[in-house]
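Student: Could you walk me through how to read helices, strands and chain contacts in a model like this one?
Tutor: Gladly; let us look at it together.

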Amino acid sequence: MTVLKAESLSKNFRRGGLWGGGAALKAVDNVSIDLKEGETLAIVGESGSGKSTTARMVMRLIAADEGSIHLLGKEISHVRGKRLRMLRKHIQMVFQDPFASLNPRMKIVETVGEGLRVHQPKLSKAERRVRVAQTLQQCGMDEEALDRYPHQFSGGQRQRIGIARALIVKPKILVLDEPVSALDVSVQAQILNLLKEIQTQQNLSYLFISHDLSVVQHIADRVLVMFAGRVVEQGTVTDVFESPKHPYTKMLLAARPIDYPHERTGKDEIAEVSEGIADTGCAFRLRCSNVQDDCADFDGLDQSDDPEHSYHCLHPITD
Amino acid sequence: MEAGSIKAVFTKSPLLTFGAIVVSIIILLALFAPLIAPYDPAAINVRDILFPPSWQHWCGTDTLGRDVFSRMLFGARVSLAVGFVAVGIALLVGIILGSIAGHYGGRVDAVIMRLTDMVLCFPTFFLILAVIAFLEPSIWNIMIVIGLTSWMGVTRLVRAEFLSLREREFVLAAYSLGLSSFQLIWRYLLPNAIGPILVSAVLGVAGAVLIESGLSFLGLGVQPPDPSWGNMLTEGKDNIQIAWWLSLYPGLAILITVLGYNLLGEGLRDIFDPKTAKR
């Protein structure tokens, strides 16, 4: 069952221009997402590829210029006010920076209990406290945390608190915006395992934003690769990681650290490529090793026959 | 903040300490004026006219034989009352308008900020003079008029703070939990903007004290026989060649009070905004 479906999302940011006439930056261009119950869909890409913007549009933190968003079968891109606020309990977000994502002036019990105040206002303060303690416990924090302030915790602990804050309203979907990239590697693994455990218990769906392919390989079922605001490749983790079709995906995979560097074969070396994003045709063509003349006129459509593994490239990599 | 860090702050910043001490002393003197004052500030004594400072009259006596020191103590009450109430009004207006502008953004923000810019275009003191000229000069009118002409700074400040807080992850998290705008402002935005607001309030008191003195000096503020530092200066100016103490002491009182509040405000700014701390 599809829990979250976004179609043809686009977002332009205006830049420059004193009188509002500045050029538009296409942050996200025609991106569609289909997230099924209990699965993890990862969105990967470099900084500025539009992955975080996509997540924030789905969360309705920023308004999409175009496109539709269906949450649990219901179109939500035009819902506003109180109705939108009430729908928010179904989709929650965990943020990247554990040091910025907790209100420094609130005790943990208040921060985590905030969702209950909104969505179950009839609970008494004592009942709320019990629920907060339970949820924190699920996330591996004990009761002593309740009356402390965020500065008394480490990054990993804060991230657990952030997860608890999202989980307490019993969402169906968690949007995880680089949830482990600010943490130590050892702590990363703990948080990822916690996320996996919670997902199995509660049959949650994850939209996992990341630039770290090792993390994605560990946690995701499907992966969507973005470049310059567009989807360039999409498929199961196995398909995309083992036989990438788009040259950009291949480049990303080659750039990730590997376990045994001395076994790295020559063809995996990252070639010196020119920087830059093309304004017309395939945006990646300035850096692409497979580039040919027709790439300049490419319309960005899916070129695959396989609905499970799509790629948007005229000259895909063939094994 | 914990007790230890407060102590550390005072030892680190001598200006803040000095400002805090001066302000506390002035507030205490004003609060306990009836107990401290050696004479009734309104008691006329025709035998003791224009006595220079002495052990009987620390700051001398005025043209009606009233004790200048006692009058200054009661004048402090006026100055501080005007300062606090005027700043209170400015804060109320400024926080409400700034919150709305900063939180909702868009067209609401544009309208409020253009209104603010318009009010800022008026030279404040002359605006106040014009308004007071139409109203009856009284301490309440001054408080209200000063308050209603000094909210623009607070509005801009609160809006700017909110604009930056709005992008912070903990505010986004609260927003995505579905909090109402009021809850978001009251529980997340305002508490995290309180530092700069406090600084501007403290500096605002200094400004309000100065404006009140100016108005009273011109006869548009506190009316004689009620004492205020400003109207004592008016009396002093007429007798400046024969009785210097009538001008010097109220003038010093204004100077020290304004200095105290400014130092306290600057000291607090250094604490709350580390970016401008070391220049």
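Student: What should I keep in mind before I start?
Tutor: This is a predicted model, in which local features need pLDDT of at least 70 and side-chain atom pairs count only at pLDDT 80 or more, while totals for chains, interfaces and linings use all residues. Residues are numbered from 1 along each chain as its sequence is written, and chains are lettered from A and ligands numbered from 1 in the order in which they are written.

Student: How many helices and strands does chain B have?
Tutor: Chain B has twelve helices and zero strands; helices (H or I, at least four residues) and strands (E, at least two) are DSSP runs, numbered from the N terminus. Of its 279 residues, 41% are buried, where buried stands for 20 or more other C-beta atoms within 10 Å of a residue's own, exposed for 12 or fewer, and partly exposed for anything in between, with C-beta atoms placed from the backbone.

Student: And how do I describe two packed helices?
Tutor: Two packed helices are described by the angle between their axes and the distance between the axes. Here, take helix H2 (residues 14-31) and helix H4 (residues 68-104) of chain B: their axes come within 8 Å and cross at roughly 110 degrees. The axes are lines fitted to C-alpha atoms, for helices over the stretch in contact, and angles run from 0 to 180 degrees between N-to-C directions. H2(B) and H4(B) are therefore roughly perpendicular; angles under 35 degrees count as roughly parallel, over 145 as roughly antiparallel, 65 to 115 as roughly perpendicular and the rest as oblique.

Student: Which residues of H2(B) and H4(B) meet?
Tutor: Ile26(B), Ile27(B), Leu29(B) and Ala30(B) of H2(B) meet Leu73(B), Ala76(B), Arg77(B) and Leu80(B) of H4(B); a contact requires C-beta atoms, placed from the backbone, within 7 Å. By class, this contact has seven nonpolar, no polar and one charged residues. Ala, Val, Leu, Ile, Met, Phe, Trp, Tyr, Cys and Pro count as nonpolar, Asp, Glu, Lys and Arg as charged, and the others, Gly among them, as polar.

Student: How many residues does each chain bring to the contact between them?
Tutor: Chain B brings 15 residues and chain A brings 21 residues. On the chain B side, helix H9 (169-177) gives the most, with eight residues. That side divides into nine nonpolar, four polar and two charged residues.

Student: Why does H9(B) count as largely enclosed?
Tutor: Seven of the nine residues of H9(B) are buried, so the rest of the structure largely encloses this helix. Among what covers its buried residues are strand S6 (91-94) of chain A and helix H8 (152-165) of chain B. Just after H9(B), Gly178(B) takes a positive phi of about 100 degrees.

Student: Is Asn192(B) buried or partly exposed?
Tutor: Asn192(B) counts as partly exposed because it has 19 C-beta neighbours inside 10 Å. Asn192(B) is found in helix H10 of chain B. Leaving aside neighbours within four places in sequence, Asn192(B) is in contact with Arg105(A) and Leu165(B).

Student: Now for strands: what about their two faces?
Tutor: In a regular strand the side chains alternate between the two faces of the sheet. In strand S8 (residues 205-210) of chain A, Ser205(A), Leu207(A) and Ile209(A) point one way and Tyr206(A), Phe208(A) and Ser210(A) the other way, and all are buried.

Student: Which strands pair with S8(A), and in which sense?
Tutor: Strand S3 (residues 40-44) of chain A pairs with S8(A) in the parallel sense over five bridges, and Ile43(A) has Ile209(A) as its bridge partner. Strand S7 (residues 173-177) of chain A also runs parallel to S8(A), joined by five bridges, with Val175(A) opposite Leu207(A). Pairing means that DSSP finds at least two bridges between two strands.

Student: What does S3(A) do with S9(A)?
Tutor: S3(A) and S9(A) run parallel and are joined by four bridges; in S9(A), Val225(A) is the bridge partner of Val44(A). Six of the six residues of S9 (residues 222-227) are buried, so this strand is largely enclosed by the rest of the structure.

Student: And where does S9(A) form a hairpin?
Tutor: S9(A) forms a hairpin with S10(A), with two residues between them, and Ala228(A) in the turn has a positive phi of about 50 degrees. S9(A) and S10 (residues 230-236) run antiparallel, joined by six bridges.

Technical notes
Contact = placed C-beta atoms within 7 Å.
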